[in-house]
Every structure is written in C-alpha cells, then in structure tokens.
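Subject: Structure for your review

Dear colleague,

Please find below the structure that I am handing over to you. My notes on it follow directly after.

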Amino acid sequence: MKDLTPPAVDAARVARAFRRGLGSYHGAASAQAQIAAELSALLAKHVGQTPFSHLFEFGAGTGHLTDALLRDLSVSRLTLNDLLPEAEAGLLPILRARGKSASFLPGRIEDICLPEPLDLIAAASVVQWVSDLPGLLRRFEAALCPGGWLALSGFGSAHFHELVALGSDAAAPNYMDHHQWAGVLPQGLRLIELRQAPIVLRFDTPRAVLRHLRDTGVNGQSRGGWSRGRLRAFEDAYCSRFPNQGGVGLTYDPVLMLARRV
Ligand SMILES: C[S@@+](CC[C@H](N)C(=O)[O-])C[C@H]1O[C@@H](n2cnc3c(N)ncnc32)[C@H](O)[C@@H]1O
C-alpha cells in the first residue's frame, strides 16, 4: 500500500524550473512526447470512435498530450490547465492546427475548481508533482460523469535511478510503480489498464544529462549549487557506473494508467 502522507512540493521552485525550460521543453522532452503518444493511443484503443463531450487536461505544458488526444479522439469541448499561465500561448498553435479552441485555467491543479461534468480527464508526466494525489483523485471521481475516463501517466521507482544512485536531488517528489495505483484510486474509479516499461535515453556526457534536465524543467526539486569538485566526481561516477554506447544512459520509468468512473 502506498504511503498516503502527502510529500512536500515546493510549487514555486517547480514553477521556476518549468518556466526556465518552457522554451526548450517541446524539442528536448522526447521521452515525454513518446509517453503522451502512448497514453493517447492506449485510450483510443479502448474507446474507439466514442466522442467525448468535455475533456479536461491538466499540466498540459507545451501540448504533447493535447496534440495526441486531439489527433486520436473526437472531442467537442476542451479545458486545459497548467501551473504556468504563460503555457497557454504555446498551446494556441496546436489547437489552431487541429481546428479547436479551449478554455485555459492556470494554476496548481490542487487549487483549480474543476469544470463539471467531464467525460475525460487526462494528464501525461504531471502527477509526480502533485502533493496529495489521493485527494486529487477523489475530486476527479466527483467531476467525472458515470462511464467517464481518467487517463494519466506518472513515473515509477526506477525513474532517473542513475541520478538517485549518484546522490542527485533532481527527482520529483511522488513516484509510484504500477501496482501502487490500485491503492490510491477511490472506489468510484475502476482500474482499466496499467503499463510500466522503461525508456532509456543515451547522452554523450553526464553534463549533457544535466543540460537535458534543465531544458525539460524536470529538476525543480534540485538544490543545485554544485562545486567544481562535486561536478567532477558526479561525471566520473556517472561514466563508470552507467555507460551506454559510448555515452551514458538516463532511465525514464513511465507508468500509464486508465480508469473509468463506475
Ligand atoms: C513534464 S511536463 C509535462 C507536460 C505535458 N503534459 C507533456 O506530456 O509533455 C509537466 C507540466 O506540469 C506542470 N505542472 C507541474 N506541477 C503542476 C501542478 N501542481 N498543477 C498543474 N500543472 C503542473 C508544469 O508546469 C509542466 O508544464
């Protein structure tokens, strides 16, 4: 059973890191792009041509999942959220290209008043930043109409295991393996699908890994401030412990989860 104690999330620090990476995120976040496409395809496999009347997506970022959902599904009305108000401007071209418009609700998903009723709530690569996931899932349960879908992806305990082993504090606060999802879903949400399969990215150097973390904004927990000596020790240990085809590896451990309102 998952420890339900909400871990502390420094929202201002997380926002700062994602804001810094916003311009580079879309191109740099190849793993998140793949995860978003897989989550959308998994949902489409289940729902087929069934049209959705109101989709709410939180943590939409630069729109990897938004774009995939609009490509794979039939959606009438769309409400998008992200922690960063400025994410809205980046989402507009994606919506325009798909012939859609959307309402945008900026801020922490924990504080947002959810539109109701919804028949689809979705988010890719966001729930690891949420401080009280069981509480949020109970609110989703209330906002979804009977038969409505919840499609989420988070990360499991092997996520960035190289960084953890090397003593980095860049990890997000809330990782859950696939078997832990059953313990956090409220009774009114029935588990439909769970998938967990790692994606290993290769980088030329450990420094390129650090650049990748900064460019994707996922190092919001990191306290930074490395001395030259600590950086050198990190690079040496990374190269010797996690070599990958002449460079080094970084593991993403995505968990895809589909549930349905009973
Ligand atoms: C790793 S990105 C994922 C973006 C997009 N969903 C994708 O698949 O590429 C995480 C996004 O969640 C947003 N975010 C982080 N914590 C959040 C929160 N508590 N509420 C809403 N959005 C949040 C960040 O601003 C960022 O845009």
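Contact, as the word is used in this message, means heavy atoms within 4.5 Å. By that criterion, and leaving aside neighbours within four places in sequence, Leu-114 is in contact with Phe-56, Ile-109, Arg-139, Phe-140 and Ala-143. Please note that the model is a predicted one.

Leu-114 sits in the loop between strand 3 (103-106) and strand 4 (118-124). Its relative accessibility is 11%, so Leu-114 counts as buried, the limit being under 20%. The C-alpha atom of Leu-114 is separated by 25 Å from that of Ala-33, a residue 81 positions away along the chain. The loop between strand 3 and strand 4 also holds Pro-117, and the peptide bond from Glu-116 to Pro-117 is cis, with omega near -10°.

The nonpolar cores

The largest nonpolar core has 53 residues, of which Leu-43, Leu-73, Tyr-238 and Leu-250 touch the most other members. Helix 2 (residues 30-47) gives the most to this core, contributing eight residues.

For Leu-250, the contacts beyond four places in sequence are Phe-160, Glu-162, Leu-163, Ile-199, Val-200, Leu-201, Phe-203, Val-209, His-212, Leu-213 and Tyr-238. One of these partners, Phe-160, deserves a separate remark below.

Thr-79

Thr-79 belongs to strand 2 (residues 75-82). With a relative accessible area of 3%, Thr-79 is buried. Its side chain forms a polar contact of 2.7 Å with the side chain of His-54. Not counting residues up to four places away in sequence, Thr-79 touches His-54, Leu-55, Phe-56, Glu-57, Ser-103, Leu-105 and Pro-115.

Packing around helix 8

How do the axes of helix 1 (residues 11-28) and helix 8 (residues 206-216) lie, at what angle and how far apart? They pack at about 105°, with the axes 5 Å apart. Because angles of 65 to 115 degrees count as roughly perpendicular, helix 1 is roughly perpendicular to helix 8. On the helix 1 side, Phe-18, Arg-20, Gly-21, Ser-24, Tyr-25 and Ala-28 take part, and they meet His-212, Arg-214, Asp-215 and Thr-216 of helix 8. By class, this contact comprises three nonpolar, four polar and three charged residues.

Helix 8 also packs against helix 9 (residues 228-241), at an angle of about 105° and with the axes 9 Å apart. Helix 8 is thus roughly perpendicular to helix 9. Pro-206, Arg-207, Val-209 and Leu-210 of helix 8 make this contact with Leu-231, Phe-234, Glu-235, Tyr-238 and Cys-239 of helix 9. By class, the contact of helix 8 with helix 9 has seven nonpolar, no polar and two charged residues.

Two residues with positive phi

Phe-160 is not a glycine, yet its phi is positive, near 50°. Phe-160 is placed in the loop between strand 5 (144-155) and helix 6 (161-165). Its relative accessible area is 2%, and Phe-160 is therefore buried.

Gln-245, likewise a residue other than glycine, has a positive phi near 45°. Gln-245 lies in the loop between strand 8 (243-244) and strand 9 (247-252). Is Gln-245 buried or exposed? At 70% relative accessibility, Gln-245 counts as exposed.

With kind regards

Note on methods: Residues are numbered from 1 along each chain as its sequence is written. This is a predicted model: local features need pLDDT of at least 70, side-chain atom pairs count only at pLDDT 80 or more; totals for chains, interfaces and linings use all residues. Side-chain values use heavy atoms; hydrogens and water are left out. A nonpolar core is a set of buried Ala, Val, Leu, Ile, Met, Phe, Trp, Tyr and Cys residues joined through side-chain atoms within 4.5 Å. Buried means under 20% relative accessible area, exposed over 50%, partly exposed in between (1.4 Å probe, protein chains only). Helices (H or I, at least four residues) and strands (E, at least two) are DSSP runs, numbered from the N terminus. A polar contact is a pair of N or O atoms within 3.5 Å; within protein, one must be able to donate a hydrogen and the other to accept it, and residues adjacent in sequence count only if both atoms are side-chain atoms. Axes are lines fitted to C-alpha atoms, for helices over the stretch in contact, and angles run from 0 to 180 degrees between N-to-C directions. Angles under 35 degrees count as roughly parallel, over 145 as roughly antiparallel, 65 to 115 as roughly perpendicular and the rest as oblique. Ala, Val, Leu, Ile, Met, Phe, Trp, Tyr, Cys and Pro count as nonpolar, Asp, Glu, Lys and Arg as charged, and the others, Gly among them, as polar.
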